[in-house]
Every structure is written in structure tokens, then in C-alpha cells.
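Please read this briefing alongside the sequence and the coordinates.

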Amino acid sequence: QVQLVESGGGLVQPGGSLRLSCAASRSIFSINRMGWYRQAPGKQRELVAAITSGGTTNYADSVKGRFTISRDNVKNTVYLQVNNLKPEDTAVYYCNKWPSFTTWGQGTQVTVSS
């Protein structure tokens, strides 16, 4: 199974921005939809954004207009640009296909606090 490694998280102030990266161990060309998910303490994992191999994107209402997902099939990498961050965005962010694989990586922590 393809291995996915997330990076780019960190501690930022409200209104700040980050660029999250998801590096795949092999080609993701054959995976039609890739997505970013997040899980906050005490809450279930939710799909934040998804993108098809052709570039069509979908976003959760809570992040629409603030987050942007993109993919580079040559570099086998999926990105998530997160702007105008709010404390409610604090969570561990994961990448996976959509629908997701059974297994998940370590994720990358995003903490938004003043």
C-alpha cells in the first residue's frame, strides 16, 4: 500500500497561514481523488478538502474560501494551503485517498492560538 507522510504543521496565531504537504511513496496518478482530513480532540475525523486527478476540488463548508488543495502527480505530492486560520482549525491533519484507506499516517499537528 502507498505510504503517505504529512508535514508542514506548526503553531500559528489566528489569521496566520501554513502550507501542508503530503508526500506519497509511489505514483498517485491512478488515485482519482486525494483528500485532506483533520481530527480535533474529542471529535471524529472529518474530510476537509478533496481533489480529483483532473483538478476538480471540493471543500467542507467550514473551510471554504480559506483552504486550497492542490496536487502534483509528477512529484507525487498533495498540498493544502491553509489561510486565515482560526482556533477551531486546531487539529491533526491527515492525507489519504477519498474514500480513505483503512490505515492512516502520523498526520501533522496544526495549532492556532494567540
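Two strands are said to pair if DSSP finds at least two bridges between them, and strands themselves (E, at least two residues) are, like helices (H or I, at least four), DSSP runs numbered from the N terminus. This is a predicted model, in which local features need pLDDT of at least 70 and side-chain atom pairs count only at pLDDT 80 or more, while totals for chains, interfaces and linings use all residues. Residues are numbered from 1 along each chain as its sequence is written, and side-chain values use heavy atoms, with hydrogens and water left out.

**Overall fold**

- The chain has ten strands and zero helices, and its elements, read from the N terminus, run β-β-β-β-β-β-β-β-β-β.
- The radius of gyration, taken over C-alpha atoms with a globule rule of 2.2 Å times the number of residues to the power 0.38, is 13 Å for the chain, close to the 13 Å that the rule gives for 114 residues, so the chain is as compact as a globular protein of that length.
- Along the principal axes, the C-alpha atoms of the chain fill a box of roughly 40 × 25 × 20 Å.
- Of the 114 residues, 42% count as buried, where buried means under 20% relative accessible area, exposed over 50% and partly exposed in between (1.4 Å probe, protein chains only).
- With contact meaning heavy atoms within 4.5 Å, 52% of the contacts between residues at least 6 apart in sequence join residues at least 24 apart.

- The bridge partner of arginine 19 in β8 is glutamine 81.
- Strand β7 (residues 67-72) runs antiparallel to β8 and is joined to it by six bridges, with threonine 77 in β8 as the bridge partner of aspartate 72.
- The hairpin of β7 and β8 has four residues between the strands, and asparagine 76 in this hairpin takes a positive phi near 55 degrees.
- Strand β8 (residues 77-82) is largely enclosed by the rest of the structure because five of its six residues are buried, and β3 is mostly covered, with five of its seven residues buried.

**Leucine 47**

- Leucine 47 is found in strand β5 (residues 46-52) and counts as partly exposed because its relative accessibility is 28%.
- Not counting residues up to four places away in sequence, leucine 47 touches Gly35, Trp36, Tyr37, Ala60 and Trp98.
- The C-alpha atoms of leucine 47 and asparagine 58, which are eleven residues apart along the chain, are separated by 9.8 Å.

**Largest pocket**

- A pocket is, on a 1 Å grid over the protein atoms alone, an open set of points where a 1.4 Å probe fits, with protein on both sides within 12 Å along at least five of seven lines, and lining residues have an atom within 4 Å of a point.
- The largest pocket holds about 150 Å³ of space, a volume being the space filled by probe spheres set on the points, which are joined across faces, edges and corners.
- Its lining comprises 13 residues, of which Arg38, Lys43, Glu46, Glu88 and Asp89 lie nearest the centre of the pocket.
- The lining residues divide into seven charged, four polar and two nonpolar, where Ala, Val, Leu, Ile, Met, Phe, Trp, Tyr, Cys and Pro count as nonpolar, Asp, Glu, Lys and Arg as charged, and the others, Gly among them, as polar.
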